[in-house]
Amino acid sequence: MTKFEYAPAPESRAIVDIKSSYGLFVNGEFADPVDGSSFKSVNPATEEVLAEIAQAGHADVDAAVQAARRAYDRVWSKLSGRDRGKYLFRIARIIQERARELAVLESIDNGKPIRESRDVDIPLVAAHFFYYAGWADKLRWAGAGPDPKPHGVAGQVIPWNFPLLMLAWKIAPALAAGNTVVLKPAETTPLTALLFAEICQQADLPPGVVNIVTGAGETGRLLVEHPGVDKVAFTGSTEVGKQIARSVAGTTTKATLELGGKAANIVFDDAPVDQAVEGIVNGIFFNQGHVCCAGSRLLVQESVYDETLARLKRRLTTLRVGDPLDKNTDIGAINSHLQLARIRELAEVGEAEGAQRWSPECELPDRGFWFPPTVFTGVTQAHRIAREEIFGPVLSVLTFRTPAEAVEKANNTPYGLSAGVWTDKGSRILWMSQRLRAGVVWANTFNRFDPTSPFGGYKESGYGREGGRHGLLAYLKAED
Amino acid sequence: MLSALDDARLSDITSSEASLRRFLHGLPGVDQVGAEARAAMLATRSIKTTAKQFAIDLAISMIDLTTLEGQDTPGKVRALCAKALRPDPSDRSVPRVAAVCVYPDLVATAKEALGAGSDVKVASVATGFPSGRTSLAVKEADTRDAVAAGADEVDMVIDRGAFLAGRYGQVFDEIVAVKQACARAHGANDDGAGAHLKVILETGELATYDNVRRASWLAMLAGADFIKTSTGKVVPAATLPVTLVMLEAVRDFRDAIGRQVGVKPAGGIRTSKDAIRYLVLVNETAGEDWLDPDWFRLGASSLLNDLLMQRQKMLTGRYAGPDYFTLD
């Protein structure tokens, strides 16, 4: 060796035991679906089939909702907050104990690098359970009146980009508030949710408090439209979110929706430039850009455009794309064939509309779903790649001249989930954050999450907040 | 990348204290949280098998094997030199270290012990090391002494008091003066190029990363061949984020001025794992041009034996006890 090239450093798969098939988790037990249908979950990095997953139909969803209702009526609603908290603390501890197993399984099923599942996803999952465990016996101080009540049964549908973390965002506050849940993980990433079901068994959680039904969009529709569901929580595409909003309209079902985004990451000329470049990279290439709050539109102040772009490109040449289980991988596989097709389509549109496409040289594996980190320059607000959520490692770069123009461009989107501001000037951060219509505004950082901090969107990015005290309120009602 | 600075612009920057200040304070800031997060992320790189073997040998070849104690003796320095030349007497394939680093009065001893024309350099601390609290005349004399005794490299300290008080011109002038004192008298030694100057910033006293970046640029503008984190006498000594900021500085300086400057973290680097983390930092920040003993050094002493122990473990599959590695 004459160069410092990192040898492969794969995390061992031996710690996870993937079964050949999985049933539905209903009333504390795994059961086959009534009509016996199933689908396959594949490893997006290799296209290897991982397991046969049960496809829940109408009768299965109904059974799960009934199990949740029974558990709510007979057990969970009668427990004290302190006792609910004990279960949540127990689950949190088991997640920590089994963290490596969960991380490896998440990377296998989702395609995200093990560095992220190990250092971001799973620690945050445990943190969410710990955080809401602490709330369980303190609900009267949550701000929903002196004796707030749970809704009852929560139907929850989550996406494939942070499978277990989105599960935690949904289940932890719901259980802390006293609801029982039926959760549908995404079709392409059900495995960690099913391992979480085992963790519920290990924690002796009363049967029916958590039910997991797997399936595709139709299963999700059956769940959110089920009359026995009192509260719907959804994270996913704006298109599906709108369908859900229509289906719950005129009913007593409550809903929170966390949908798409097209966040602006705004770099001023006085930004700490090396950290801003890291923030741009973290903003759009974290989790292959499969992040609803990804900083997919980079707005750079004209006076530092050349310098920032040169630094960014140099930095991108050091990104390591490849095997998600390699501990040195920065960018893993695209989650599915479908998503890859969508990213490719929009990237081609970007070129056709006249933006300049650039990617660092990188070798992509032959099998699996891969897309190189990509930067588009010369993008205008009118380009589709500046307006539509790509949900992939594709950055659109625009420029601005004044702070007012930055705000105007940042807000000129149907979405409003997040934004980033990079400047050394504290007063400008405050000025910007008051004007940016986005649920989260990060200052001199990006894609940072904490269970104590509420998260949610404006406009087509949805409504309701998850995380923090606000996230708890979505699962509580003030006494009638 | 800063736009290229030509000679006229450069001499303009260094022409007065006011213009130096304007330039240094115009450098982009360093966000502490972001810099530390980046360094922490790079510290998770997993360097295994062939990459680890490569990194261990590279780290050995980058060591400035150091003894800087009041109780140092010629005997101790001779032992250090023997170790520098043959780090593992039982294995000839182990590379030599880059240099030995001693106080000025022991330079001649080290030079003699290493032998004429040795590829292991002799570095000497100077300029009132470690505090730097002497007059400029004494600093210059200290430096000339070390160089006359044969030092190939001089590790000077900056006047942190002056730097922190904002007297950048004074710090600049001192570095320039010491650089001049590094020049060899005609005919005294081989190359005529003078001793290489490493400028110790003592980052543990500079308090902020912004100061580290400014001090790095100041030293480079004044002619430093290397910038070095620490004396080893102040805690904290070298840290990964400080070294990250310095590596960014040398990278940007080369882009702007066209001259490459080396980096030397020193103090507190004791294990192979630590050393490999520094190499990863170099690799992914300044780039592979700096992965060379001419451009990156590790100021350390006990590190060497840990590297040797890990090296032997990689080759034999077994760890040997500490008594199988020589004291230095």
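A salt bridge is taken as a side-chain nitrogen of Lys or Arg within 4 Å of a carboxyl oxygen of Asp or Glu. The side chains of A:Lys138 and A:Asp137 meet this criterion, with N and O 2.9 Å apart. Relative accessibility is 37% for A:Lys138, which counts as partly exposed. A:Asp137, at 39%, is also partly exposed. Buried here means under 20% relative accessible area, exposed means over 50%, and partly exposed lies in between (1.4 Å probe, protein chains only).

The model is predicted, so local features need pLDDT of at least 70 and side-chain atom pairs count only at pLDDT 80 or more, whereas totals for chains, interfaces and linings use all residues. Residues are numbered from 1 along each chain as its sequence is written, chains are lettered from A and ligands numbered from 1 in the order in which they are written, and side-chain values use heavy atoms, without hydrogens or water.

Over all chains, the structure holds 55 salt bridges. One of them pairs A:Glu278 with B:Arg38, with the closest N and O atoms 3.3 Å apart. A:Glu278 lies in helix 9 (residues 273–285) of chain A and B:Arg38 in helix 3 (residues 32–42) of chain B, so this pair joins two chains. Both A:Glu278 and B:Arg38 are buried. Helices (H or I, at least four residues) and strands (E, at least two) are DSSP runs, numbered from the N terminus.

Within chain B, B:Asp225 forms a salt bridge with B:Lys179 at 3.1 Å between the closest N and O atoms. The pair links distant parts of the chain, 46 residues apart. B:Asp225 sits in the loop between helix 10 (209–221) and strand 6 (226–228), and B:Lys179 in helix 9 (residues 168–181) of chain B. B:Asp225 is buried, with a relative accessible area of 15%. B:Lys179 is partly exposed at 30%. Elsewhere, salt bridges that share partners join residues of chains A and B into one network, including A:Asp274, A:Arg311, B:Arg213 and B:Asp255.

Helix 12 (residues 272–285) of chain B has 14 residues. From first to last C-alpha, this helix reaches 20 Å, close to the 20 Å expected at 1.5 Å a residue; the expected span is 1.5 Å times one less than the number of residues. Eleven of its 14 residues are buried, so helix 12 of chain B is largely enclosed by the rest of the structure. Among the buried residues are B:Ile276, B:Tyr278 and B:Leu281.

A pocket is an open set of points with protein on both sides within 12 Å along at least five of seven lines; in a cavity, a 1.4 Å probe fits but cannot get out. Lining residues have an atom within 4 Å of a point. The largest pocket holds about 1,400 Å³ of space. Its lining comprises 49 residues, and the closest to its centre are A:Trp160, A:Gly236, A:Ser237, A:Val240 and A:Gln339. Helix 8 of chain A gives the largest share of this lining, seven residues.

Five cavities of 30 Å³ or more are found. The largest cavity holds about 70 Å³. Of its 14 lining residues, the closest to the centre are A:Ala410, A:Gly416, A:Ser418, A:Arg437 and A:Ala438. Helix 13 (403–411) and strand 17 (418–422) of chain A each give two or more residues to this lining.

Definitions and conventions: 1 Å grid on protein atoms, 1.4 Å probe; cavity = no way out; pocket = protein on both sides within 12 Å on 5 of 7 lines; lining within 4 Å. Points joined across faces, edges and corners; volume = space filled by probe spheres on them.
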